[in-house]
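Hello,

Here is the structure you are taking over. My notes follow below it.

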Amino acid sequence: MQNLFKGLIPVMGLVIISGLGCSKRDEQHQIIGEPNPISLRSDKRTDIGKGRFDSYVVQTWYNLMMKLIVETPGHTPPIAARSFGYTGVTLYEALVGEMPQHHSLAGQLNGLNSIPERKYGNSYFAPITANAAMAKIIKYLFQNASAANLGKIDALELENENLYSKEISQVIIDRSRDYGYAVAEAVFNWSVTDGGHQAYLNNFPADYIPPVGIDKWILTPPLFQNAMLPYWGNNRTMAYTDGPGAVDPPTPPAFSTVPGSAFYDAANEVYNTSVHLSPEQNLIALYWADGGNTFTPPGHNVAIALQIIRNLNLNLNQAAILLAKEGISLNDASIVCWRAKYIANLIRPVSFIRLYIDASWMSSIATPPFPTYTSGHSTFSGACGAILTAELGSHISFIDSTKMADGFEPRSFNNFLEAAQEAAISRLYGGIHYSFDNNNGLICGQLIAANVEALNW
């Protein structure tokens with residue numbers, strides 16, 4: 001797949017993505033804090049229609065989404081992944097008219113039949129269009145946000161629009177805003193038919209009765225919660241992967257309690273790893289945990305992409321392309337992974353180990369309330385790592401500083417695949433997944449990303 005950014009950033013292959021060139025304060029706030037608007041003045045009216053605007057507006061909206069995911073009830077990882085999917089598609093479709101070499105995804109994505117046309121050619125202002133589209137789709141996706149946070153959506157929209165109010169005619173502002181709204185409305189109307197609409201109101205449906213069997217998932221300590229989103233795998237994917245097919249993981253190893261069998265040895269690996277966990281392995285488990293009251297595993301992956309957008313100074317259109325691809329991949333990864341989870345309904349390591357190896361054992365991080373196979377974090381990270389590799393290259397080192405606000409030191413990686421692999425193995429170190437959960441999830445995510453890259457962008 002041809003690199004979409006080739007030629008746009010001449011020194012791309014030489015860049016080390018890190019906090020270099022930023023103060024300590026900048027480094028700490030690259031994702032969770034407010035973006036730095038210093039570069040706004042340098043690029044405003046240059047090459048209008050050719051994507052030369054900077055990505056400041058996009059960064060502000062994604063930063064607010066991270067806050068909304070943390071603070072809005074029910075926005076669990078699959079639901080966060082879905083939100084990133086529809087936000088990314090909205091942003092891309094709002095701007096694709098500014099990109100002569102790119103194509104709408106209408107007619108390519110599953111059920112997305114049309115997007116409103118731009119009636120006035122190039123007589124739109126891209127940052128205003130993007131700003132309005134993001135404001136509307138985010139308000140739709142977070143309808144159960146607090147009144148205060150809904151107010152922040154309105155306030156951010158106005159604040160971003162006011163950045164340009166003295167430089168652009170009101171006619172262009174109104175036209176651009178209305179078009180952004182129209183695109184968001186079309187994408188939202190598409191979203192309500194996918195099976196996941198307002199699922200944040202019912203993560204734990206009372207009508208689900210888990211299957212019973214020696215190999216089957218049972219409620220896990222410490223919270224013993226009911227199954228989360230058991231029907232999520234029935235949702236419509238964005239790329240055409242609705243039914244089990246090439247992207248779905250293979251059947252897991254046959255269940256067995258016999259020492260020496262593949263399944264028993266995988267469980268015993270989790271146990272032995274936890275007993276001999278090194279400080280570094282424990283740090284990795286905690287770093288990638290991204291559990292309750294965080295921006296979730298999908299959010300962590302998007303936060304890395306946002307950091308890269310900042311550090312490489314990707315322009316508005318480049319950011320839109322990258323975030324759309326990541327968003328679609330995350331959405332579909334959540335569906336394919338959850339489909340696998342509730343088809344296999346496989347017992348979690350904590351349950352197997354306490355039944356057959358050590359009755360007093362507990363995982364170092366809390367086991368989430370759904371079946372084990374495959375690992376969601378591995379699938380999400382595999383997908384996003386593959387997208388970043390396809391877009392930016394396989395030899396780019398970077399420093400992930402997205403967790404500094406949570407008290408973690410930045411972590412260095414030689415490439416995007418290495419980061420995805422660490423995210424995957426972190427679930428073994430945390431004691432919540434077998435290695436086959438992680439390995440097959442990682443591969444599954446990469447296949448999903450390949451499907452997304454194969455669309456006619």
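How many residues does helix α5 have, and how far does it reach from its first C-alpha to its last? Helix α5 (residues 147-162) has 16 residues and reaches 23 Å, close to the 22 Å expected at 1.5 Å a residue. The expected span is 1.5 Å times one less than the number of residues. Helices (H or I, at least four residues) and strands (E, at least two) are DSSP runs, numbered from the N terminus.

This is a predicted model, in which local features need pLDDT of at least 70 and side-chain atom pairs count only at pLDDT 80 or more, while totals for chains, interfaces and linings use all residues. Residues are numbered from 1 along each chain as its sequence is written, and side-chain values use heavy atoms, with hydrogens and water left out.

The chain contains 14 helices and two strands. Of its 457 residues, 58% are buried (under 20% relative accessible area, with exposed meaning over 50% and partly exposed in between; 1.4 Å probe, protein chains only).

Back to α5. Its buried residues are Asn149, Ile153, Leu156, Glu157, Asn160 and Glu161. Seen down the axis of α5, they fall within an arc of 125°, so they line one face of the helix. The arc is taken from the directions from the helix axis to the C-beta atoms. These residues pack against α2 (56-71), α4 (126-141) and α6 (170-191), where contact means heavy atoms within 4.5 Å. On the face turned away from the buried side are the exposed residues Ala147, Ala148 and Leu158.

Regards
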